[in-house]
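Q: Please take a close look at the strands of this chain. How do they pair, and what surrounds them?

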Amino acid sequence: MSLELYLDLFSQPCRSVYIFAKKNKVSFEFKKLSLLDGEHYGEEFGKISLIRKVPALRDGDFLETQACSKFKTPDFWYPADLQQRARVNEYLSWQHTAIRMHGSKIFWLRLLIPKVMGVEVPQEKMDSALEDLQSSLKLIEEKFLQDGPFIVGDHITLADLVAIVEIMQPVASGLDVFEGRPKLSAWRDRVQEAIGKELFDEAHQDILAVQESVKTIDSGKMQIFKPKILKLFM
Amino acid sequence: MMELYLDLVSPPCRSVFLFARALKIPFEFKRVDLAAGQQYSQEFGEISIVRKIPVMKDGGFILTESTAILKYLVQKYSVADHWFPADLQQRARANEYLSWQHMNLRAHCSKVFLLKALFPIVMDAEVPKETMDAALENLKQSLNLLEEKFLQNKPFILGDKISVADVVAAVEMMQPLGTGVDGFEGRPKLIAWRERVKKELGEKLFEEAHEMLMKSSSLPQTLKSSSSFDKLKPMLQKLFR
């Protein structure tokens with residue numbers, strides 16, 4: 001049995017795992033899941049993961065969620081050096097309740113909640129969500145990037161990969177977070193180049209087209225998520 | 001000597017404190033009094049612009065994020081393997097827990113604590129019933145997953161031996177207790193696990209680490225009477241929006 005990766009490329013953490021696996025030529029079976037269609041609540045997927053989130057990994061009998069990235073690959077992705085590794089871990093930890101949370105929220109508030117669920121988002125909710133996103137982006141620039149080419153040292157690491165996929169989520173909702181942020185833009189260009197533009201674009205194809213594709217989403221399917229989503233983001 | 005910037009009312013500070021003390025890793029305890037708003041001082045801002053704790057300062061190397069600090073200590077001090085096993089799958093399980101817990105057990109335990117301890121004095125109102133109910137429901141879901149997915153029928157999260165995952169989980173689970181909400185109630189499996197964790201770390205040490213938390217009923221008064229309260233209030237209000 002080969003490695004299976006359960007992914008929906010609408011999801012940021014799925015994209016980082018997908019890019020990493022493809023870039024490092026890790027052979028895997030792409031088990032596509034559609035979150036918007038609620039496939040993560042299906043019986044089949046429940047056997048893979050009780051948590052019912054993606055990404056998820058199955059390697060023979062080994063099932064794992066969350067921490068897919070630690071394969072055996074070139075050292076620079078996750079340096080063995082004590083301090084460099086600590087810096088990668090620091091970013092990976094910080095981002096959960098910062099850029100990941102704030103970027104996701106903007107994506108839902110700008111796009112899925114009003115356009116698909118048909119719920120109006122109060123201006124003050126939007127404003128405070130934007131404020132939070134700005135403060136996360138500011139910390140990325142001032143604490144994590146500072147004057148370096150990448151988050152840790154001179155080379156791309158897991159930190160940059162995980163950062164870029166999260167930052168692209170609000171971008172997909174039509175908010176250009178790179179505007180007025182030359183440092184961040186330059187870093188994005190370096191990360192894209194290190195990943196390879198073709199692979200980067202491939203991973204982001206669906207999410208970047210989401211403003212169009214929401215027009216054809218069956219809003220009926222989303223109704224089951226509505227209470228949960230509204231509680232989470234509003 | 002390594003410095004750890006801590007306030008033991010904070011769960012991630014407790015996990016770092018417990019781990020360093022249990023493994024006899026020498027450090028200087030630098031208290032950052034959260035109720036007095038010391039994390040917003042100019043002095044602390046020079047240590048970390050994120051203005052959160054714990055922070056580790058090892059020579060010139062400053063590191064934030066408790067899970068990163070724990071992994072750093074594991075690597076630097078070559079501790080016994082079971083704390084963060086080198087085996088691929090075991091390590092993956094540890095990482096899986098440490099990742100999941102941020103937005104799940106940690107978030108939900110914190111929310112209950114903050115709602116009970118801070119909401120009334122910061123928002124000048126009682127906690128709305130549906131807000132509290134929702135927070136308790138989320139806590140319940142996280143505890144269910146802790147039991148059913150992460151612990152299952154094992155003595156510890158990774159299996160037979162304690163690891164950093166158990167330390168991180170235990171300190172978070174203790175947090176609601178500081179405001180009288182016992183997440184362990186009706187969960188004998190979790191109680192038994194907690195007792196095993198306490199025994200491995202040292203019961204006295206565990207109690208020492210949680211002493212401040214257990215005095216949290218005085219936290220609202222301490223906060224309100226602090227000279228920084230007016231300045232802190234708007235920042236604390238953000239926690240509830």
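**Strands in their setting**

A: Start with the surface. In this predicted model, chain B exposes about 10,700 Å². Carbon and sulfur atoms supply 50% of that area.

Now to the strands. Chain B holds 4 strands, along with 12 helices. Take β3(B), which covers residues 55-58. One of its partners is β1(B), residues 3-6. These two strands run antiparallel and share 3 bridges. Within this pairing, L4(B) is bridged to M56(B) of β3(B).

β3(B) also pairs with β4(B), residues 61-64. That pairing is antiparallel too, with 4 bridges. Here V55(B) has T64(B) of β4(B) as its bridge partner.

Next, look at the turn. β3(B) and β4(B) form a hairpin, with 2 residues between the strands. In this hairpin, G59(B) takes a positive phi near 65°.

Step back to the whole chain. A compact globule of 241 residues would have a radius of gyration near 18 Å; chain B has 18 Å, so the two agree. Buried residues make up 55% of the 241 residues.

Contacts tell us about the fold as well. Count the contacts in chain B with a separation of 6 or more: 70% of them join residues 24 or more positions apart.

Last, the charges. Chain B carries 33 positive and 30 negative side chains. The centres of the two sets lie 1 Å apart.

Notes
Residues numbered from 1 in each chain as written. Chains lettered and ligands numbered in written order. Predicted model: local features only at pLDDT ≥ 70, side-chain atom pairs only at ≥ 80, totals over all residues. Heavy atoms only, no water. Rg over C-alpha atoms; globule rule 2.2 N^0.38 Å. Buried < 20%, exposed > 50% of the residue type's maximum accessible area, 1.4 Å probe, protein only. Contact = heavy atoms within 4.5 Å. Areas by Shrake-Rupley, 256 points an atom, 1.4 Å probe, with all protein chains shown as cover. Lys, Arg positive; Asp, Glu negative; His and termini not counted. Charge placed at Lys NZ, Arg CZ, Asp CG, Glu CD. Pairing = 2+ DSSP bridges.
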